[in-house]
Amino acid sequence: MKIIILGAGQVGGTLAENLVGEKNEITVIDSDPVILRALQDRLDLQVVTGVGSHPDVLRKAGAEDADMLIAVTNSDESNMLACQVAYSLFKTPTKIARVRSEQYIIYQEQLYKQQDIPVDHIIAPEQLVTQAIKRLIDYPGALQVVEFADGKASLVAVKAYYGGLLVGHALSALKEHMPNVETRVAAIYRRGKPIRPLGTTVIEADDEVFFIAATKHIRAVMSELQKLESSYKRIMIAGGGLIGAGLAKRLEHNHNVKLIEYSPERAQYLSAHLDKTIVFSGDASDSTLLSEEGVEQVDAFIAVTNDDEANIMSAMLAKRMGAQKAMVLIQRSAYVDLVQGGEIDIAFSPQQATISALLTHVRRGDIVNVYSLRRGAAEAIEAIAHGDKNTSKVVGREIGDIKLPPGTTIGAIVREEQVIIAHSDTVIEANDHVILFLVDKKYINDVERLFQPSAFFFG
C-alpha cells in the first residue's frame with residue numbers, strides 16, 4: 001500500500017516503523033527537517049518537509065495515487081483539514097485522523113461524513129487509553145486485557161506467581177482444574193523470551209502468560225495462575241486532563257474515586273462536572289497531601305499527567321506509602337520496560353494504544369481488531385473468515401491443516417454468540433471471527449494473505 005503519514009512525532013514515527021517492515025511504501029510529512037532526517041536515516045521511507053495540509057506538500061508526497069492518508073500531528077484541526085484537502089483534490093480513498101478534543105469526538109456522528117468533514121476513521125488516543133485502564137481496573141492482577149468480537153472473548157496477560165494453582169504444573173492440568181471452562185494459552189514469555197505453549201509446558205513463577213477465553217470466564221482462569229485479587233474499590237487518580245477526567249467519569253459510580261489536579265482552575269472545573277469524584281488541587285508527589293488523603297488505603301493509584309517523570313515519581317511514592325497497585329501513563333515508549341514490574345505494577349503507553357487502533361484500519365483482508373502486545377513485538381488479531389473451501393485457505397479446514405506462519409497460533413473462534421476455544425480438529429466456517437496471536441509481527445503479511453479469499457484459489 002502507498003501510505004502518507006502526516007506528523008513524525010512519537011505516534012507517526014512508531015507507525016512508520018511498523019508499516020515499513022510490512023513492505024508498504026511510506027512517505028512521512030513534517031515541518032521539522034531534523035526529525036525527518038533522523039527517521040529517514042533509520043527507516044526505508046520517503047520524507048517531505050512542509051505543512052501537511054497544504055495541497056502542494058501533499059502532491060509532493062504522492063497524494064495523487066496514495067491509498068491512505070494518516071494524519072497524526074498534535075493539532076486536531078490540521079489533521080482534519082489534511083483529510084479534507086486529500087479528499088477534495090486527490091480523492092484519497094482512506095483518510096484517518098487523530099482527534100483529541102472531546103468537543104470534536106462528541107459530535108463525530110454528525111461531523112465526519114464525506115459531504116461535511118471527510119474523515120473515514122477517527123482515532124482518539126485519550127479514549128483508547130481510558131478504556132484500557134478501565135479494563136485493568138475490572139480485572140485486578142491483569143497486565144493487559146484486550147477484547148474481541150464485541151467483548152465476547154478476551155485475551156489477558158497475567159504474571160504467574162508462587163502459590164498460583166498452576167505454577168509448577170503442565171498446561172494440560174488446566175483442563176483438570178477447570179473441567180467446565182474452556183481456555184487456551186496463546187503464548188508464554190519467560191525472562192522476556194517467547195516459548196511455545198505445549199500441553200507438556202510447565203508454568204514457572206514470573207512467567208508472563210497470555211490466555212484466551214470467553215470474557216465471562218476470565219476471572220476463573222486468572223485464579224489458576226495467581227492468587228485472585230479482590231476487586232478494586234478505592235481509586236486515586238493523579239492528573240485531571242482528558243484521560244484523568246474520562247477515567248474518573250467511568251469509575252465514579254462503582255468506585256470511591258479521588259482525583260488530584262495541580263491547576264486550581266482545572267480542579268474547580270472538574271469538581272463541578274464530575275458527580276461523585278472528590279477533587280483536590282495540589283501536587284500528586286506531595287507526601288503530606290497523599291498521607292492526608294489516605295493513600296495507604298488505596299487499591300489503585302493511577303498517574304496520568306502529561307509529565308512522564310512526575311507520573312513515575314508520584315506512583316513510586318504512593319506505592320511506598322502503602323497503595324496496593326501503582327499504574328502510570330508513559331508517553332515515551334522506551335521508558336515502559338524500564339519502570340514496569342518493580343514498584344510500578346503497570347506502565348501503559350498511549351502510543352501503543354493508538355498504533356493498535358491505526359493498524360486495525362491499515363491491515364488487508366477483513367481484519368477487524370489489531371492489538372499491539374509486549375510493547376509492539378507481538379500482535380493479537382481478529383480476522384473474519386470469508387469465502388468457501390474453493391476460494392479460502394482457511395474456511396472448511398481443520399486448524400491443524402492450516403499452514404500458519406511461524407510463531408502464530410489460533411486461540412479461539414467466535415461464531416455468532418458462541419466462543420469456541422481452538423483445537424487442531426476445529427473446523428473454521430465462513431463468517432467466523434478468528435482470533436490469532438503472533439509472537440513475531442513480521443509474519444503479519446502472511447496472516448493477511450491467509451484471510452484474503454481469492455477467486456483463483458482452489459484448495
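This is a predicted model: local features need pLDDT of at least 70, side-chain atom pairs count only at pLDDT 80 or more; totals for chains, interfaces and linings use all residues.
## Domains of the chain

The domain assignment divides the chain into domain 1 (2–123), domain 2 (129–225), domain 3 (234–352) and domain 4 (353–451). When the centres of domain 1 and domain 2 are taken over C-alpha atoms, 37 Å separate them.

## The largest nonpolar core

In soluble globular proteins, nonpolar side chains tend to be buried together. In this model the largest nonpolar core has 49 residues, and those with the most contacts inside it are Ile133, Ile137, Phe211, Ile235, Ile302, Met327 and Phe348. Helix α10 (residues 242–251) supplies the largest share of this core, namely 5 residues. Because domain 2 (129–225) and domain 3 (234–352) both give residues to this core, it lies between them. Apart from this core lies another one, of 45 residues, and Leu39, Met68, Ile123 and Ile428 are among them.

Ile235, leaving aside its neighbours within four places in sequence, is in contact with Ile137, Leu251, His255, Asn256, Val257, Lys258, Val298, Ala300 and Ile302. Ile302 lies in strand β15, and its relative accessible area of 0% means that Ile302 is buried. Not counting residues up to four places away in sequence, Ile302 touches Ile133, Ile137, Ile235, Met236, Ile237, Ala238, Leu247, Met327 and Phe348. By comparison, the C-alpha atoms of Ile302 and Val156, which are 146 residues apart along the chain, are separated by 20 Å.

Which residues of α10 are buried? They are Ile243, Gly244, Ala245, Leu247, Ala248 and Leu251.

## How α7 and α15 meet

Helix α7 (residues 125–138) and helix α15 (residues 350–362) have axes that come within 9 Å and cross at roughly 105°. Since angles of 65 to 115 degrees count as roughly perpendicular, α7 and α15 are therefore roughly perpendicular to each other. On the α7 side the residues involved are Pro125, Leu128 and Val129, and they meet Pro350, Ala353, Thr354 and Ala357 in α15. Sorted by class, this contact of α7 with α15 has 6 nonpolar residues, 1 polar residue and no charged residues.

Another residue of helix α15 is Ser356. With a relative accessible area of 7%, Ser356 is buried, and, not counting residues up to four places away in sequence, Ser356 touches Val370, Tyr371 and Ser372.

## Two further buried residues

Is Gly13, which has 7% relative accessibility, buried or exposed? Buried means under 20% relative accessible area, so at 7% Gly13 counts as buried. Gly13 has its place in helix α1 (residues 10–20), and, with its neighbours within four places in sequence left aside, Gly13 is in contact with Ala8, Leu39 and Leu43. Gly13 and Val72 are 59 residues apart in sequence, while their C-alpha atoms are 9.9 Å apart in space.

Ala284 is placed in the loop between β14 (278–281) and α12 (287–292). At 11% relative accessibility, Ala284 counts as buried, and its contacts, leaving aside neighbours within four places in sequence, are Ala238, Ile260, Leu290, Phe301 and Ser314. The C-alpha atoms of Ala284 and Ala326 are separated by 13 Å, and these two residues are 42 residues apart along the chain.

## Two residues with positive phi

Most residues other than glycine have a negative phi. Asp206, however, has a phi near 80°, a positive value in a residue other than glycine, and Asp206 is found in the loop between β10 (193–195) and β11 (208–214).

Asn431 also has a positive phi, near 75°, and is likewise a residue other than glycine. Asn431 lies in the loop between β21 (418–421) and β22 (433–438), and, with a relative accessible area of 52%, Asn431 is exposed.

How values were computed: Residues are numbered from 1 along each chain as its sequence is written. Side-chain values use heavy atoms; hydrogens and water are left out. A nonpolar core is a set of buried Ala, Val, Leu, Ile, Met, Phe, Trp, Tyr and Cys residues joined through side-chain atoms within 4.5 Å. Buried means under 20% relative accessible area, exposed over 50%, partly exposed in between (1.4 Å probe, protein chains only). Helices (H or I, at least four residues) and strands (E, at least two) are DSSP runs, numbered from the N terminus. Domain bounds come from an automatic or database domain assignment. Contact means heavy atoms within 4.5 Å. Axes are lines fitted to C-alpha atoms, for helices over the stretch in contact, and angles run from 0 to 180 degrees between N-to-C directions. Angles under 35 degrees count as roughly parallel, over 145 as roughly antiparallel, 65 to 115 as roughly perpendicular and the rest as oblique. Ala, Val, Leu, Ile, Met, Phe, Trp, Tyr, Cys and Pro count as nonpolar, Asp, Glu, Lys and Arg as charged, and the others, Gly among them, as polar.
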